Structure formats: structure tokens, C-alpha cells
There are 2 protein chains.
Amino acid sequence: MAPSVEQSATGTQAVDRAAALVSTVVHADAPLSFADLQEASGLAKSTTSRMLAALERGGLLERDPEGSYVAGSLFWLYAARHDPWEELVRLARPAMERIGEETSETVHLSVTRGEKVVQVAQVDSRYLLGTRDWTEIDVPAHTSALGKVFYAWGALPVPAHELERLTPTTITEPEALRHDGIRTRKRGWAVTDGELEVGLTGVAVPVQGARGDVVAALGISGPTPRLEDRLDEIGTNLSSHAEQLSRLLRGRAPKEGVA
Amino acid sequence: MAPSVEQSATGTQAVDRAAALVSTVVHADAPLSFADLQEASGLAKSTTSRMLAALERGGLLERDPEGSYVAGSLFWLYAARHDPWEELVRLARPAMERIGEETSETVHLSVTRGEKVVQVAQVDSRYLLGTRDWTEIDVPAHTSALGKVFYAWGALPVPAHELERLTPTTITEPEALRHDGIRTRKRGWAVTDGELEVGLTGVAVPVQGARGDVVAALGISGPTPRLEDRLDEIGTNLSSHAEQLSRLLRGRAPKEGVA
DNA sequence: GACCACAGTTCCACAACATGGAACAGGACG
DNA sequence: CGTCCTGTTCCATGTTGTGGAACTGTGGTC
């Protein structure tokens with residue numbers, strides 16, 4: 001619950017305590033009462049009171065109608081200015097870079113926007129022959145591994161109508177796509193094998209958001225010959241990274257830890 | 001040498017100063033250097049240094065690769081957990097309530113999701129005969145005043161194809177919709193007069209986001225007979241509220257302030 | 001209406017803590 | 001190798017934060 005109170009360096013006691021209070025409020029995303037905060041911080045009532053007042057004055061905290069404390073205007077100002085997936089990208093970047101190093105292929109991160117799937121980040125392959133920049137390019141969801149993740153985990157409804165054919169192996173029947181989704185879910189990762197472009201293989205896994213829903217897909221792509229024998233290994237690798245990322249999204253901030 | 005230091009109550013100097021630093025960083029949504037912050041706060045180098053270190057430790061600030069300060073993990077944690085328009089709704093609620101009182105009609109707030117327009121908040125009419133709860137209901141954008149706002153201000157592309165007809169007066173030609181948009185922009189507010197449902201009139205205005213783009217539409221709707229003679233008055237009223245809301249979104253928190 | 005219980009704020013004397021100047025360390029130039 | 005510029009650490013000083021206790025205000029109970 002409450003993040004461990006940091007060990008203050010010298011000369012920052014007040015600020016450290018104040019930061020701990022804010023942190024407590026933000027981490028608990030429900031409003032916290034004065035008593036909760038006093039207890040969580042272990043400070044004297046008077047100190048708590050003065051501090052909360054200062055934080056409120058500074059826009060870091062705010063009181064809801066019942067008088068409990070919630071994150072203040074600075075937080076919603078920030079949230080209003082930044083796309084939610086900006087944070088996702090930020091959190092995901094290190095993982096994507098590691099995946100890039102481990103697989104040497106191009107790494108993708110996608111989210112859904114409306115009924116479409118858009119890429120929000122990419123780390124390029126080490127090879128000359130690799131997938132180019134897909135960011136913001138529209139790829140039909142049923143042809144990419146990224147898109148299939150959303151279908152398979154129900155983050156996107158499978159269309160009722162016939163789907164566009166891009167290659168001989170593209171799945172065009174909704175029913176077939178649904179079946180592919182079932183297999184995908186069992187397997188834990190989605191794969192596209194020349195269904196988007198002949199010779200292009202992709203593998204992708206779901207990323208769970210704070211509430212357990214699938215908010216993004218993490219995957220790699222590259223030439224089929226380089227990938228076809230490593231699908232299992234890649235799928236497992238992606239899964240473990242995605243899981244870590246999910247944990248991050250669930251709320252634990254990446255502090256301390258040996259870099 | 002104290003430009004805009006907060007008025008501290010007794011015994012909260014350090015926290016007030018710290019909050020001011022965080023506030024400076026969040027308001028300037030570009031990274032700020034140590035020097036910027038030292039200058040903006042008017043504190044001694046040593047104090048600034050200690051304070052920034054404490055704030056960083058507490059997750060309120062963070063350093064980008066170049067060493068400049070940006071909002072810390074607590075902020076992105078918050079952003080990741082809260083929809084961006086949750087803040088919008090929050091900020092808009094008071095205005096919507098006042099509009100409801102002033103017009104006695106149902107008040108709506110919409111945003112675009114993909115190419116669709118969805119309602120995110122509503123304040124109900126005082127009358128028995130009024131618009132019902134539209135939240136999350138799909139209304140074709142070209143038939144509602146809310147939707148027309150997005151077309152008129154270019155937040156949504158006007159479709160190339162013929163549009164669905166819901167009533168005899170529904171605009172179905174893209175060209176006509178574009179023309180309607182021009183008139184709308186000149187006028188300052190969008191109107192739908194029985195184009196969605198016979199006898200239903202709606203008026204809506206744009207809400208500008210932090211970067212000046214149209215992020216939402218604010219409007220009212222009700223039975224035509226009650227509204228048709230008050231369109232001007234309503235449009236003006238909505239505009240002034242929307243403008244205030246826009247100012248809020250632009251970043252000035254609703255605190256004290258001489259101005 | 002008088003009573004008490006509880007939540008939060010203000011008061012105050014004390015000294016612990018934050019403070020800023022100066023010295024120090026680490027780059028980035030030339 | 002010196003100079004400049006940025007940020008951190010040191011340290012004596014006294015300002016500022018501290019917690020206990022007194023106070024205020026609100027709600028509940030008889």
C-alpha cells in the first residue's frame with residue numbers, strides 16, 4: 001500500500017515527508033482521509049495538518065466534497081496534456097530495447113484507437129532487411145500479429161463482414177479469425193505468417209493495463225526465414241517482458257533497483 | 001530577489017517552495033534545467049539542489065537523459081490510471097451545471113473517439129420533456145450539434161460518402177455539411193434543428209484544449225419549440241462558458257489569483 | 001439543550017532542520 | 001593545462017519545522 005518512507009538525506013526532512021504524503025494519495029487511487037494519511041505517515045497531527053494544507057495550497061493535493069484528499073490540480077493538468085499511452089511508451093521503451101537486443105528484430109508496440117490498431121512505438125531491427133517504420137501507418141488489424149492480439153483477447157470485436165485479402169494466406173473469414181483467436185489465446189502469443197505481406201512474419205503478445213484489461217500489444221516482426229524456427233522462443237521472451245510491463249502499469253513505480 | 005514565491009503560512013516554507021518547483025515543472029510542459037528552476041524559484045543553488053534531489057527521490061520529479069527536470073513517476077502513474085477526459089469532465093462539471101440552471105435544458109459534453117463522437121457527461125433538463133441520457137450512445141455525428149462542432153472546426157474529417165438520413169432535414173451531402181461547417185464557424189456555434197430527430201433542437205460550441213485545438217464540444221438540446229427563439233442567446237451563453245473552460249484547460253489552476 | 005466524543009486546527013517553546021555562502025568536484029571547451 | 005560553467009557537498013548559523021497540548025467545531029446521544 002503505502003510506499004515505504006524514503007530515507008531522507010540530510011536537510012530535506014519536510015520535503016521528503018510531504019512527497020511521501022503525495023505518493024500515498026496517488027498510489028491509493030481512492031480518496032484518503034486525514035486520519036488515513038496521518039496514520040500512514042506516522043506524523044503528529046499538527047505536522048500532518050500543516051503539511052497537507054501546504055500541499056493543497058501548492059496544487060499537489062485537493063480535497064473532495066467529503067474532505068478527503070485526492071490528487072490535486074497539477075496531476076489533472078498533467079493528465080489532460082499527455083496522452084495516456086505516452087506513459088505506456090515511456091514505460092515500455094526499456095523493455096522494447098531489450099527485446100530488440102535479444103531478438104535483433106524490429107519491435108512494435110500498438111494500442112487500439114477506436115476500432116483501429118495504431119503503432120505507438122517502434123525499435124528498429126539491427127538488420128538491413130527489416131520492417132520499416134510503421135508508426136501511425138494503418139495496417140489492417142486482422143493481418144498483423146499486433147492486431148490479432150486485440151481480436152484474440154477481446155479488446156476489439158471481430159468484424160461481421162468479410163475481411164480484406166492482402167496475401168494468399170490472409171485470413172478473410174470472421175469465423176476463421178475467431179478460431180485463430182482461440183488458438184492464439186491458448187498459445188499465449190499471436191503470429192502472422194505472410195498474411196500481411198509475403199515473407200513477413202510477426203509475433204505479438206498482450207499487455208495488461210492497470211485494471212487487467214488488454215491495453216496494448218507488444219510484438220516483433222521480420223523476414224520469415226529469420227523467424228520461423230524461433231517462434232516459440234520469441235513468444236516466450238515477449239510474454240515475459242509483457243508481463244513485467246503489465247506489472248509496471250499496475251502501479252509499482254520503477255524506483256531503486258540496480259540499473 | 002523573490003519574484004513569485006508563494007505566500008507561506010507559518011512553518012511550511014520548505015514544502016511551499018518544493019510545491020512551487022513541481023508546479024513550475026508541470027506547467028512548463030518542456031523539460032526545465034537546473035538553472036531554469038533555480039532562477040524561477042529564486043533559491044540558493046544549494047537549496048535548489050537539495051530540494052530537487054528530494055523531489056526526485058519522492059517520485060514527483062524526474063530527470064530526462066539530458067539531466068533536465070520533468071514531471072515524475074507519480075504523474076505518469078496518475079495519467080495512466082485516469083482517462084484524459086475524466087479531467088475534462090471534472091473541470092467542465094461546474095460550468096455544465098450553471099448552463100443547466102441558466103437554460104433549464106439538458107447539457108452535453110462530447111469528445112471524439114476515433115472517428116466517432118461520444119458523450120462523456122450530461123446534466124439533465126429541468127423539464128419532464130427533455131433529452132434523455134445520451135452518454136455512450138452513438139449518435140451519427142453529422143446529425144447532432146455536438147458532432148457538427150467537430151466537423152466545423154476540423155477536429156473530424158468530413159466523410160467523402162453520402163451520409164445517413166434520419167429525418168427529412170438531415171444533411172446527407174458531404175458538400176452541404178462542409179458548407180454548414182463554414183456557417184457554423186462564422187456564427188461561433190453549431191445548431192441542429194430536427195436533423196437528428198424531428199422536434200429536437202441542439203446547440204453546441206467548441207472547447208479548446210491546452211494547445212488550442214478543439215478537444216470537446218459543449219452543448220444543450222431540447223424540444224424545438226422551447227429553443228428556437230433563443231438560439232442566439234444560448235449560443236452566446238455557451239460560448240462564454242466554453243471559453244472559460246478552455247482557459248482552465250490551458251493550465252491556470254482555479255486558485256486564488258488577483259486577476 | 002446539555003453533554004461527550006471525535007476530527008482537525010492553532011498555539012507555543014524548543015531545538016532540529018533547512019538555509020545559503022563558500023569550497024569542492026566534474027565536465028566541456030579552447 | 002587552464003578557464004569557465006554546472007551542480008553537489010560542507011558547515012556554522014538561526015530560521016523554520018516540530019509535536020504536545022490547548023482549542024474549535026461538528027455530529028451524535030440521551
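What do the buried residues of helix 9 of chain B pack against? They pack against helix 4 (73-81) of chain A, together with helix 5 (84-103), strand 6 (200-208), strand 7 (214-223) and helix 8 (224-227) of chain B. Packing here rests on contact, meaning heavy atoms within 4.5 Å. Buried means under 20% relative accessible area, exposed over 50%, and partly exposed in between (1.4 Å probe, protein chains only).

Helix 9 of chain B covers residues 231-249, 19 residues in total. Its span from first C-alpha to last is 26 Å, close to the 27 Å expected at 1.5 Å a residue. The expected span is 1.5 Å times one less than the number of residues. Among the buried residues of this helix are I234(B), L238(B), H241(B), L245(B) and L249(B).

**The model and its confidence**

This is a predicted model, in which local features need pLDDT of at least 70, side-chain atom pairs count only at pLDDT 80 or more, and totals for chains, interfaces and linings use all residues. Residues are numbered from 1 along each chain as its sequence is written, chains are lettered from A and ligands numbered from 1 in the order in which they are written, and side-chain values use heavy atoms, with hydrogens and water left out.

pLDDT is the predictor's confidence in each residue, from 0 to 100. Chain A averages 83, and 86% of the residues score at least 70. Over residues 1-7 of chain A the pLDDT is below 50, and this stretch has 7 contacts beyond near neighbours in sequence. Residues 252-259 of chain A also stay under 50. For them the model has 7 contacts beyond four places in sequence.

**Chain A as a whole**

Chain A has 9 helices and 7 strands. These are DSSP runs, numbered from the N terminus: helices are H or I with at least four residues, strands E with at least two. Of the 259 residues in chain A, 51% are buried. Take the contacts between residues at least 6 apart in sequence: 53% of them join residues at least 24 apart.

**Two copies**

Two copies of a chain are related by a rotation about an axis and a shift along it.

**Helix 3 of chain A**

Helix 3 of chain A runs over residues 45-57. Its buried residues are T47(A), T48(A), M51(A), L52(A), A54(A) and L55(A).

Just after helix 3, G59(A) takes a positive phi of about 80°.

S104(A) has a positive phi of about 65° although it is not a glycine. S104(A) sits in the loop between helix 5 (84-103) and strand 3 (106-113) of chain A. With a relative accessible area of 14%, S104(A) is buried.

K148(B) lies in helix 6 (residues 145-152) of chain B. K148(B) counts as buried, at 2% relative accessibility. Beyond four places in sequence, its contacts include H142(B), D180(B), T192(B) and E195(B).
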